[in-house]
Amino acid sequence: MMRFIAPRLRKPVGIALFGTIYAAAWLVHGGNGWLWAIVTEIGVIAFVIAAYVHGGRDSDEDALYGSRVDERQQLIAQRSWALAGKVTMFAAFVGLTIGVATRATWWWSFAVIIAVTGFGYLLGLSNYGVGEEAPADDANDGYQARSPVTH
Amino acid sequence: MRNRVREQRTQRGLSQAEVAAALGVSRQTVISIEGGRYLPSLPLAFAIARFFDMTVDKMFDPDDQEAGT
């Protein structure tokens, strides 16, 4: 769907979409949730404007906001997401350990984060070719190896 | 890995932005390649070499200890 949207608008549209869904969750929450929904939506609008403005500037970070990255900037983004995943995994592990040690009722939420992050990692390994084990396509397959040195 | 991107670019009187536009990459990436902080992919290395009418092994030399030599 994002391919039909101009590159510079992709991040702002994504932020607006997910931010509004989160704001709607506060509305569904009931009570004083409507107040949090308004505060959230104001923050989302500010973030959307900031993302659009940044998307037009000339830097690595702004190229990411503008969805117009080249191969080096894409590599930077991939490394950053990999680091974010490792930090998430470590933080969730610390939370789970503390939760279990203190007999907290919320320990399972950290277990879910670890499970989802681990599943994402395994999905990445599967998608990006680690599982493509194939026999070596050796030119001498089936033949006796010969020394390159002739006697 | 040393390269001759800066040398070739300045010889031709081109700016980093002009080279970046011709190669379809960002100006920051050209700066990183010139500074030796980023090794381009094989397709980009070929594009750079073709742009400067050189071969890849002349443009990127793993044994070259000094840029422009």
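The model is predicted; local features require pLDDT of at least 70, side-chain atom pairs count only at pLDDT 80 or more, and totals for chains, interfaces and linings use all residues. Residues are numbered from 1 along each chain as its sequence is written, chains are lettered from A and ligands numbered from 1 in the order in which they are written, and side-chain values use heavy atoms, with hydrogens and water left out.

Chain A has 5 helices and 0 strands. Helices (H or I, at least four residues) and strands (E, at least two) are DSSP runs, numbered from the N terminus. Along the sequence, the pattern of chain A is α-α-α-α-α. Chain A has 151 residues, of which 18% count as buried. Buried means under 20% relative accessible area, exposed over 50%, and partly exposed in between (1.4 Å probe, protein chains only). Among contacts in chain A with a separation of 6 or more, 35% join residues 24 or more positions apart. Contact means heavy atoms within 4.5 Å.

The largest nonpolar core has 16 residues. Such a core is a set of buried Ala, Val, Leu, Ile, Met, Phe, Trp, Tyr and Cys residues joined through side-chain atoms within 4.5 Å. The residues with the most contacts inside it are B:Ile33, B:Ile48, B:Phe52 and B:Met59. Two or more residues each come from helix 2 (16–23), helix 3 (27–34) and helix 4 (42–51) of chain B. Helix 4 of chain B gives the most, with 4 residues. Leaving aside residues up to four places away in sequence, B:Ile48 touches B:Val5, B:Leu23, B:Ile33, B:Pro40, B:Met59 and B:Phe60.

In helix 2 of chain B, the buried residues are B:Gln16, B:Val19, B:Ala20 and B:Leu23. They fall within an arc of 100 degrees seen down the helix axis, so they line one face of the helix. The arc is that of the directions from the helix axis to the C-beta atoms. These buried residues pack against helix 1 (5–11), helix 3 and helix 4 of chain B. Just after helix 2, B:Gly24 takes a positive phi of about 75 degrees.

B:Thr29 lies in helix 3 of chain B. B:Thr29 counts as buried because its relative accessibility is 0%. Not counting residues up to four places away in sequence, B:Thr29 touches A:Asp70, A:Arg72 and B:Tyr38.
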